[in-house]
Amino acid sequence: MAYSKINQPKISDVIMNQLEQMILEGSLQPGQKLPPERELALQFEVSRPSLREAIQKLEAKGLLLRRQGGGTYVKEQLWQSLADPIVELMHSDSESQYDLLEFRHATEGMMAYFAALRGTDADMQNIKEKIQAVEAASDIEAKAEAIVCFYRAIAEASHNVAMLHLVLSLSPVLHENVAQNLELLKRRADASKMANEHRQDLLAAIVRRDPEAAREASNEHLSYIEEVMLSVREEDSRLQRSLRRLKSGA
């Protein structure tokens, strides 16, 4: 009987595959700094030359970025080509806000569903901490960033890497959309309070592991945002018509 030779994988390739998996599953996120080489080598129980070779391969793939004297980072804009044109579109076309809300209805409801279904105790604690950061934010930019982090925590709890990286890729777009929505909510009495209550309902449904209620809470929140948005913009449109009539002397 003839036996085929068993090829042992290179240590650097094994390390590279593990780091790739950590980036894929979100354990290492865009912009995050890796531990020092010495510490990583101890964690992997490998030599520093093997680790260095793995990092060089990931640099060549465009996943890691080494800064001279400043350490190694997961590349910040892994999805930049996807996000940037949409951000630009949203700046120039207010109608795209409605398109994004429709998109969020589908994706965030689905993420909430799977977060309630699959989230671990650690995931639940992370989501709770993120909602506390939302409540503690003192201005719109800080609050928008905290809300995006809240949705990112829900995506992480879904344990679906496609959903997670969709949120990571669209973080600038989501931030812009959330910030604009917060500005609109300020123009309606109790609207911000209502939106906060919706997020608390969403949190409660996920934590008690009720997938259908979580999806419903997500959709209810976004429907309310859309309702306020339409109301405010109709009001603005009426005001503009009134101003035009005054200017024309009609």
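User: Which elements each supply at least two residues of the lining of the second largest pocket?
Analyst: In this predicted model, α2 (37–44), β1 (64–67) and β2 (71–74) each supply at least two residues of that lining.

User: Which residues line the second largest pocket?
Analyst: The lining consists of Lys33, Leu34, Pro35, Pro36, Glu37, Leu40, Ile55, Arg66, Arg67, Gly69, Gly71 and Thr72.

User: And how do they divide into nonpolar, polar and charged?
Analyst: Five residues of the lining are nonpolar, three are polar and four are charged.

User: How much space lies in the second largest pocket?
Analyst: The second largest pocket holds about 170 Å³ of space.

User: Changing topic, how many residues has helix α7, and what is its reach?
Analyst: Helix α7 spans residues 140–158, which makes 19 residues. From first C-alpha to last, α7 reaches 27 Å, close to the 27 Å expected at 1.5 Å a residue.

User: Why is α7 described as largely enclosed by the rest of the structure?
Analyst: The reason is that 15 of the 19 residues of α7 are buried.

User: What is found at the start of α7, and what just after α7?
Analyst: At the start, a side-chain oxygen of Asp139 comes within 3.2 Å of the backbone nitrogen of Glu141. Just after the helix, His159 adopts a positive phi of about 55°.

User: Now Ser50: where does it lie, and is it buried or exposed?
Analyst: Ser50 belongs to helix α3 (residues 48–60). Its relative accessibility is 18%, so Ser50 counts as buried, the cut-off being under 20%.

User: Which residues does Ser50 touch?
Analyst: Leaving aside residues up to four places away in sequence, Ser50 touches Ile11, Ser12 and Ile15.

Key:
Residues are numbered from 1 along each chain as its sequence is written. This is a predicted model: local features need pLDDT of at least 70, side-chain atom pairs count only at pLDDT 80 or more; totals for chains, interfaces and linings use all residues. Side-chain values use heavy atoms; hydrogens and water are left out. On a 1 Å grid over the protein atoms alone, a cavity is a set of points where a 1.4 Å probe fits but cannot get out, and a pocket is an open set with protein on both sides within 12 Å along at least five of seven lines; lining residues have an atom within 4 Å of a point. Grid points are joined across faces, edges and corners, and a volume is the space filled by probe spheres set on the points. Helices (H or I, at least four residues) and strands (E, at least two) are DSSP runs, numbered from the N terminus. Ala, Val, Leu, Ile, Met, Phe, Trp, Tyr, Cys and Pro count as nonpolar, Asp, Glu, Lys and Arg as charged, and the others, Gly among them, as polar. The expected span of a helix is 1.5 Å times one less than its number of residues. Buried means under 20% relative accessible area, exposed over 50%, partly exposed in between (1.4 Å probe, protein chains only). A polar contact is a pair of N or O atoms within 3.5 Å; within protein, one must be able to donate a hydrogen and the other to accept it, and residues adjacent in sequence count only if both atoms are side-chain atoms. Contact means heavy atoms within 4.5 Å.
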